[in-house]
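Good morning, and thank you for making time for this presentation.

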2 protein chains.
Amino acid sequence: MRVLLIHSDYIKYQVKNKTPVAEEIEESYKNGAFEEALVVFSSIEKEDEKNPEAIARNLVAEVKKTNEEVNAEKIVLYPYAHLSSSLGAPKVAVQILKDAEDALKEEGLDVFRVPFGWYKAFEISCKGHPLSELSRNISSDKEEEEKKEKKPS
Amino acid sequence: MRVLLIHSDYIKYQVKNKTPVAEEIEESYKNGAFEEALVVFSSIEKEDEKNPEAIARNLVAEVKKTNEEVNAEKIVLYPYAHLSSSLGAPKVAVQILKDAEDALKEEGLDVFRVPFGWYKAFEISCKGHPLSELSRNISSDKEEEEKKEKKPS
Ligand SMILES: [Mg+2]
């Protein structure tokens, strides 16, 4: 799983066309706007199908760790297919994101999960401080997950 | 090279802190705002160091082809380190982006290259139509470049 974590002033989205793998959603999920959010753009990969539970756990750990540093008011899990060339099955992807959503809520965080499988318009404002953009590879391997990258530009 | 092409209503950026690999820039480049732009978020990779000229050429071809479909009013080349775990040398990265900038200008396109190596705040609005978000792997290999991905989230 590859993630891009953006510490944002705000993010807004609006669903547009459905794709063949679109989640069924209620009207109220068709758009959303969130201020002071840590946005977790997420590509679930083929490899993640082997151990989705571990991936969800390591994603939760990574999000918690990052948010301890940036102190966003809320977490927005945003499915994003464009961070990887080797995507996992949509069903697995949705399950990982739902599991992570539940686990982060259990930790007392304010979490919103953006619908999967829709084309979406979005607007985001990235704060621009050194920790406001981070990318991570999340694997099911505990050690692997510790490999950190911190990169500018 | 990995790129994420976003057809945007607008993009704005503001440089913040320098990184050790920051380009020297004039005051006027410290911020920018562009409407109706095709934004090309770009990660130059280790492998691209072998044949930077071919990478620049294939990037230009890809940007032209995408813009023939989306018809943006301008092109914004935006260095973005977070699309790859295997980044190329900054010097090579800047050269590829400069070469692509020059070549796209020679094609008559309105092109702006965002400064390399600075932490930046940015705001973007992605239109949300099916071609408004595309990711591509650009290689120096002609055939490879033809492999297309078109993916929703
Ligand atoms: Mg407009």
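With which side chain does the side chain of Arg2(B) make a polar contact? The partner is the side chain of Ser135(B), at 3.5 Å. A polar contact here is a pair of N or O atoms within 3.5 Å; within protein, one must be able to donate a hydrogen and the other to accept it, and residues adjacent in sequence count only if both atoms are side-chain atoms.

A word on the source. This is a predicted model, in which local features need pLDDT of at least 70 and side-chain atom pairs count only at pLDDT 80 or more, while totals for chains, interfaces and linings use all residues. Residues are numbered from 1 along each chain as its sequence is written, chains are lettered from A and ligands numbered from 1 in the order in which they are written, and side-chain values use heavy atoms, with hydrogens and water left out.

To return to Arg2(B), its side chain also reaches the backbone oxygen of Ser84(A), at 3.5 Å. Arg2(B) belongs to strand E1 of chain B, residues 2–18. Helices (H or I, at least four residues) and strands (E, at least two) are DSSP runs, numbered from the N terminus. With a relative accessible area of 4%, Arg2(B) is buried. Buried means under 20% relative accessible area, exposed over 50%, and partly exposed in between, with a 1.4 Å probe and protein chains only.

Glu36(A) is not a glycine, yet its phi is positive, at about 50 degrees. Glu36(A) sits in the loop between strand E2 (31–35) and strand E3 (37–43) of chain A, and is partly exposed at 27% relative accessible area. Glu36(B) likewise has a positive phi, near 50 degrees. Glu36(B), however, is found within strand E2 of chain B, residues 31–43, and counts as partly exposed at 27% relative accessibility.

Finally, chain A as a whole. Chain A contains three helices and seven strands, in the order β-β-β-α-β-α-β-β-β-α along the sequence. Its radius of gyration is 14 Å, close to the 15 Å that the globule rule gives for 153 residues, so chain A is as compact as a globular protein of that length. That radius is taken over C-alpha atoms, and the rule is 2.2 Å times the number of residues to the power 0.38. The C-alpha trace of chain A spans about 40 × 35 × 35 Å along its principal axes. Of the 153 residues of chain A, 58% count as buried.
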